[in-house]
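Hello,

Here is the structure we talked about, handed over with its sequence. My notes on it follow below.

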Amino acid sequence: MSKPSHWADNYAEKIIREKGDKELYVCASGITPSGTVHIGNFREIITVELVVRALRDRGKKVRFIYSWDDYDVFRKVPSNMPNQKMLTGYLRQPITLTPDPYETEDSYARRNEREIEELLPVVGVNPEYIYQAERYRSGSYAEGIRRALEHRERLREILSEHREKPLPPDWWPISVFCTSCNRDTTEITEWDGGNGITYTCSSCGKEERLDLTDTGAVKLFWRVDWPMRWAYEDVDFEPAGKDHHSQGGSFTTARPIVTEVYEQAAPTTFQYDFIRIKGRGGKISSSSGEVVSLKDVLEVYQPELIRYLFASTRPNTEFAISFDLDVIKLYEDYDRCERIYYGSESVSESRTAKERRIYELSQVEHLLDTMPTQITFRHLCSLIQIQDGNIEGMIDSLSIRTSEEDLNRLRTRARCAWNWTQTYAPDAFRFSLRPRGSEPLELAPEERKAIGLLRREIEENLDTHDEKSLGEAIYTLAGEAQIEPKDFFKLVYRVLINKEMGPRLAGFLLTIGKQRALEILGGY
Ligand SMILES: [Zn+2]
């Protein structure tokens with residue numbers, strides 16, 4: 001087999017090379033659900049997903065686990081949340097015990113988990129979710145915690161190596177949630193060398209001895225918790241963000257911890273870069289706070305496009321998700337990739353192989369047998385606005401015969417085009433046709449004459465025109481009406497859409513169609 005050119009294939013082969021031929025490969029990702037999971041976090045999830053798919057394409061069995069670190073402490077009340085006072089009362093408790101300030105979910109953590117769990121299948125990501133609060137409270141990690149306590153000194157050394165001031169001699173690798181007030185405002189006073197831990201709570205004064213095997217109140221600190229779980233789940237692959245991979249970052253310390261304390265090899269890894277957001281200035285809604293979520297991106301990009309953005313960029317490269325005019329170009333890039341895949345556009349052999357693989361990885365489920373109907377995003381923006389956002393009306397007007405699956409993709413793309421024109425597109429892109437039965441504009445006699453000429457041209461010749469010939473005809477009409485072409489264009493846009501500019505006129509008239517155009521021009 002020749003060396004694959006796609007990064008996901010390269011990493012899949014690296015995992016197989018480093019971990020050997022295994023019955024099952026475990027690929028992991030995870031996050032603390034302490035706020036909305038933003039698109040930068042999504043990069044990690046989709047990165048793992050693409051590698052998982054590359055492994056499965058090699059006939060390997062893969063378990064894709066996604067950890068919700070929902071036993072983490074509620075540290076800070078986000079300013080965009082309601083019920084600030086209530087939330088403040090839950091500081092230092094696990095986020096899984098903090099109520100949902102919107103009062104619709106079981107907990108604060110669950111609210112953030114639910115949104116992403118519902119959206120990931122839309123983009124073809126279906127991991128097995130692991131809830132760390134459940135794992136800890138059920139005692140699953142008792143042995144891992146005990147091992148950390150036994151290696152307390154070595155852990156202190158490893159972690160101190162990257163700190164300016166070493167950890168104090170009375171440092172413990174664990175924190176305890178007080179069983180009376182649920183806060184982690186506790187101090188460990190004794191470990192009996194086995195499963196017994198004694199603590200006191202500075203919030204409520206509780207003093208208690210716990211047994212590791214029947215308590216869920218003890219939790220490992222993140223830097224120890226992560227490598228413990230690698231060992232527990234036998235993780236073969238987990239990428240991490242730049243911050244974790246920096247010198248002294250949590251990956252740097254997790255590596256010796258997993259090998260020395262938990263006697264397992266660290267997973268194959270790589271570092272992924274940040275995502276920038278472009279062209280969304282001032283459009284961020286207060287409800288979502290400062291972050292851009294997967295849901296926001298799905299408003300403008302069909303799922304295949306989102307996968308495409310990540311599949312076509314190496315994970316260690318920073319790139320921007322655009323909400324401005326670049327959206328049109330990105331859709332064009334994707335459509336070209338699709339044409340190359342289905343052989344309707346030819347490029348060099350190596351480029352073909354590369355684009356084909358990116359296209360495969362961009363698909364949410366299976367590939368369609370024939371090339372999906374391509375309508376450019378730019379054109380869809382006009383089509384859907386002519387229909388005032390009515391997607392079914394637009395589909396009917398196209399009268400294309402194709403599969404329901406293909407139509408569904410088109411519907412999704414049309415919805416994105418509509419959302420984009422309504423929220424993000426420059427003004428020049430946005431229009432709304434004069435509604436049926438609306439009052440005609442007051443026009444000067446020569447303007448009315450010019451519109452009359454255009455109406456006659458449309459009535460008699462639109463069916464035989466293409467964009468070029470209609471464009472020429474419009475110039476001739478302007479001459480006949482003795483109006484400067486640029487004034488004629490303005491006039492027609494005013495009559496059609498009540499603006500002085502709009503989409504290129506000839507193509508626009510063809511898109512509107514004879515019937516609708518005559519309805520509007522008929523009043524003059
Ligand atoms: Zn307490």
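**Zinc site**

The donor residues of the zinc ion follow the spacing C-x2-C-x19-C-x2-C in sequence. Donors here are N, O and S atoms within 2.8 Å of the metal (3.2 Å for Na, K and Ca); water is not among the atoms, so sites may look incomplete. The donors are Cys-178 (SG), Cys-181 (SG), Cys-201 (SG) and Cys-204 (SG), at 2.3 Å. Cys-178 sits in the loop between strand E4 (174-176) and strand E5 (186-191), and Cys-204 in the loop between strand E6 (196-201) and strand E7 (207-211). This pair links distant parts of the chain, 26 residues apart. Helices (H or I, at least four residues) and strands (E, at least two) are DSSP runs, numbered from the N terminus.

The arrangement is tetrahedral because the four donor atoms subtend angles of 101 to 121° around the zinc ion. Four donors count as tetrahedral if all angles lie between 85 and 135 degrees. For reference, the ideal angle for four tetrahedral donors is 109.5 degrees.

Cys-178 is buried, at 1% relative accessibility. Cys-204 is partly exposed, at 41%. Buried means under 20% relative accessible area, exposed over 50%, and partly exposed in between (1.4 Å probe, protein chains only).

**How to read the model**

This is a predicted model: local features need pLDDT of at least 70, side-chain atom pairs count only at pLDDT 80 or more, and totals for chains, interfaces and linings use all residues. Residues are numbered from 1 along each chain as its sequence is written, and side-chain values use heavy atoms, with hydrogens and water left out.

**Salt bridges**

The count comes to 48 salt bridges. A salt bridge is a side-chain nitrogen of Lys or Arg within 4 Å of a carboxyl oxygen of Asp or Glu.

Glu-49 pairs with Arg-307, with the closest N and O atoms 2.9 Å apart. Glu-49 lies in helix H2 (residues 39-57) and Arg-307 in helix H12 (residues 303-311), so the pair ties together parts that are 258 residues apart in sequence. Glu-49 is buried, at 5%. Arg-307 is buried too, at 0%.

Asp-236 meets Lys-22 in a salt bridge (2.7 Å, N to O). Asp-236 lies in the loop between helix H8 (222-233) and strand E9 (240-241), and Lys-22 in the loop between helix H1 (7-19) and strand E1 (25-31), so parts 214 residues apart in sequence are tied together. Asp-236 is buried, at 2%. Lys-22 is partly exposed, at 23%.

There is also a salt-bridge network, which links Asp-9, Glu-13, Asp-57, Arg-58, Arg-357 and Glu-360.

**A buried Glu without a partner**

Glu-457 is in helix H18 (residues 445-461). Glu-457 is buried yet has no salt bridge. The nearest side chain of opposite charge is Arg-456, 5.7 Å away. Lys and Arg count as positive and Asp and Glu as negative; His and the chain ends are not counted. Neighbours within four places in sequence aside, Glu-457 contacts Leu-462, His-465, Ala-473 and Leu-477. Contact means heavy atoms within 4.5 Å.

**Positive phi**

Most residues other than glycine have a negative phi. Glu-263 has a positive phi of about 50°. Glu-263 is in the loop between helix H10 (250-260) and strand E10 (271-272), and is exposed at 60%. Gln-482 has a phi near 55°. Gln-482 is exposed, at 75%.

Best wishes

Methods. Four donors count as tetrahedral if all angles lie between 85 and 135 degrees; four count as square planar and six as octahedral if opposite donors are over 155 degrees apart and all others between 65 and 115; anything else is irregular.
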